[in-house]
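Here are a few friendly notes on the aromatic contacts, written with your modelling eye in mind. Have the viewer open as you read.

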Amino acid sequence: MARAQRLICPSDALSDGGDGIRFVVHRAGSALPAFVVRSQGAVYAYINECRHEATELDWNPAEFFDETKLYLVCATHGALYEPRTGQGAAGPCRGAGLGRVEIEERDGNIYCSED
């Protein structure tokens with residue numbers, strides 16, 4: 001069965017290291033908080049849940065990057081994640097990865113694929 005694609009936002013709503021866009025993804029009958037960000041010209045999306053404890057990452061709504069704009073950071077624990085892979089780079093989540101969300105950027109928009 002083909003996956004439905006849902007519009008998340010226009011591509012120009014995301015800047016490198018800037019605020020992300022929060023949205024909801026459905027998995028196994030549950031609605032989960034998710035986010036999309038742009039880093040080094042590409043877009044990445046993850047479930048908005050720290051791997052250390054089940055808390056959302058953003059400092060303020062849609063603020064996912066640390067002060068260097070190089071890493072995603074958990075506001076609660078200070079854990080750092082690589083934007084390209086979602087893998088923990090430092091802190092209590094080192095080596096653990098964020099849950100990836102399948103997205104596609106095309107025709108000036110960003111879409112999410114859901115089951």
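1. Please keep in mind that this is a predicted model. With the ring-pairing rule applied, the count is 2 aromatic pairs.

2. Let's begin with Phe35 and Tyr46, whose rings form a tilted pair with 6.1 Å centre to centre and 50 degrees between the planes. The pair joins distant parts of the chain: Phe35 belongs to strand E3 (residues 30–39) and Tyr46 to strand E4 (residues 42–47), 11 residues apart.

3. Are these two residues buried or exposed? Phe35 has a relative accessible area of 0%, so it counts as buried. Tyr46 is likewise at 0% relative accessibility and therefore buried.

4. Phe35 also pairs with Phe64, and here the rings are stacked: their centres are 3.9 Å apart, with 10 degrees between the planes. This pair, too, links distant parts of the chain, from Phe35 in strand E3 to Phe64 in the loop between E4 and strand E5 (72–73), 29 residues apart. Phe64 has a relative accessible area of 1%, which is under the 20% cut-off, so Phe64 is buried.

5. Which residues make up the aromatic cluster? Phe35, Tyr46 and Phe64 form one cluster, with Phe35 taking part in the tilted pair and in the stacked one.

6. Arg106 lies over the face of Tyr111, at 4.2 Å from the ring centre.

Definitions and conventions. Residues are numbered from 1 along each chain as its sequence is written. This is a predicted model: local features need pLDDT of at least 70, side-chain atom pairs count only at pLDDT 80 or more; totals for chains, interfaces and linings use all residues. Side-chain values use heavy atoms; hydrogens and water are left out. Rings of Phe, Tyr and Trp (its six-membered ring) pair if their centres lie within 6.5 Å; planes under 30 degrees apart count as stacked, over 60 as edge-to-face and the rest as tilted. Helices (H or I, at least four residues) and strands (E, at least two) are DSSP runs, numbered from the N terminus. Buried means under 20% relative accessible area, exposed over 50%, partly exposed in between (1.4 Å probe, protein chains only). A charge sits over a ring if NZ of Lys or CZ of Arg is within 6 Å of the ring centre and within 35 degrees of the ring normal.
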